[in-house]
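Please read these points with the model open beside you.

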Amino acid sequence: MMEKKIALIPGDGIGPEIVREARKILDKVCEKFGHSFTYTELLMGGCSIDAYGVPLTDETLEAAKASDSVLLGAVGGNVGNSRWYDVAPNLRPEAGLLAIRKGLGLFANIRPAYLYKELKAACPLREDIIGEGFDMVIMRELTGGLYFGERHTEEVDGVRKATDTLTYDENEIRRIAIKAFEIARKRKGNVISVDKANVLDSSRLWRQVAEEVAKDYPDVTLTHMLVDNCAMQLVMNPGQFDVILTENMFGDILSDEASMITGSIGMLSSASLSETKLGLYEPSHGSAPDIAGKDLANPIATILSAAMMLRYSFDMDKEADAVEAAVSKVLEDGYRTGDIMSEGCTQVGTIQMGDLIAERIESN
Ligand code: NAD
């Protein structure tokens, strides 16, 4: 029996609908496995702007920090047509996301790319390439590298010149490498570290530190791959990957490539981790204002994000397995929301999809 305090941040658009279904699943896990979760609902994004004038208040951030973990829906409105966007960028809904990531010290982002056999038709790859399918996670460094380095634009002798810098110190590399090895232990035990060590100094240090960390994990294998090769391998032989460990910009690009080959945005979960067990879990998609309030949203990405919370923040591996198995079972049984609908299946709404998954959660 474990007790956990979970901060729920439903956000805007479809956020409240999908977070409500994820909570239904977490409650079912408590019932089946004898745990107790308590929830604090917090405002962030457009709804916080409406209530407090800013996308994230200090009080909300403190409440998130005081919880054991955070589950987020999505924030933001219709960008071309919303009062939330007639303001400075730091007051827009999405600024809340950046602020909470910084405030919680989230430096590692994990995005899984898993192909359900029932959704193979949505995968843009050829059948012979898909083979037995794929099941990988991309672990991307989130707070260093090129996106956070010094930059400037100048004019030298009438020629415009722009400079960005890519810097990592060994501590930044070590802490994310440790996360990758820990996660590989919960999976198939293979880390592929992706870099550009044939050109970049930062990549050579990345490789060295990854090797040093690997010594503490004799049960996990470490191999290295150059980023250009990795981009090709993802579409040539995706089945070879388990955990991909990489820096910020490479991870940004590769994680989008990996999510594309699953083909279904409503299914993609994500997690961002800190030095402690506190993490932020959210679907990879946005707030989908076009379908908000219509019981059309696919709640599975959020439900799978909640499963990641169970696994990575609470070390409840069996419980996470049970949620993932229930999602697989619902797909096997032919239920689909509109976004993943195909011929011969039964189309259901957001609420019914949550109910069907909850019904299939078993503790053995
Ligand atoms: P989006 O992901 O919200 O929607 C893209 C398309 O996918 C839409 O047609 C939408 O209906 C569909 N879709 C997305 N999630 C779905 C789901 N669960 N089920 C069924 N269909 C789904 O991206 P967008 O339209 O570019 O952005 C909309 C808003 O979301 C903007 O305000 C944007 O800034 C914000 N956004 C927020 C986050 C976040 O909170 N992390 C991420 C991306 C975008």
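1. Ground rules. This is a predicted model, in which local features need pLDDT of at least 70, side-chain atom pairs count only at pLDDT 80 or more, and totals for chains, interfaces and linings use all residues. Residues are numbered from 1 along each chain as its sequence is written, and side-chain values use heavy atoms, with hydrogens and water left out.

2. Ligand shell. The ligand is surrounded by 21 residues (a residue is near if one of its heavy atoms lies within 4 Å). The closest are G77, E94, G286, A288 and N298. By class the shell holds 11 nonpolar, 6 polar and 4 charged residues. Here Ala, Val, Leu, Ile, Met, Phe, Trp, Tyr, Cys and Pro count as nonpolar, Asp, Glu, Lys and Arg as charged, and the others, Gly among them, as polar.

3. Polar atoms at the ligand. A side-chain N or O atom of E94 is 2.4 Å from a ligand oxygen. A ligand nitrogen lies 3.3 Å from a polar side-chain atom of E282. S287 uses its backbone: a polar atom there is 3.0 Å from a ligand oxygen. Taken alone, the ligand exposes 810 Å², and the protein buries 70% of that (Shrake-Rupley method, 1.4 Å probe).

4. Helix α3. Where do the buried residues of α3 sit around the axis? They are T60, L61 and A64, in a helix spanning residues 58-65 (buried means under 20% relative accessible area, exposed over 50%, partly exposed in between; 1.4 Å probe, protein chains only). They cover an arc of only 100° around the axis, which puts them on the same side of α3 (the arc is that of the directions from the helix axis to the C-beta atoms). D58 and E59 are exposed on the other side. The buried residues pack against β1 (3-11), β3 (69-74) and α4 (95-103) (contact means heavy atoms within 4.5 Å).

5. T337. This residue is in the loop between β13 (335-336) and β14 (346-347). T337 is buried, at 0% relative accessible area.

6. Positive phi. D157 has phi near 50° and is not a glycine. D157 is in the loop between β6 (151-156) and β7 (159-164), and is exposed at 78% relative accessibility. A288 also is not a glycine, with a positive phi of about 40°. A288 is in the loop between β12 (279-283) and α10 (300-313) and is partly exposed at 23%.

Notes. Polar contact = N/O pair within 3.5 Å; in protein donor to acceptor, adjacent residues only side chain to side chain. Helix = DSSP H or I, 4+ residues; strand = E, 2+ residues; numbered from the N terminus.
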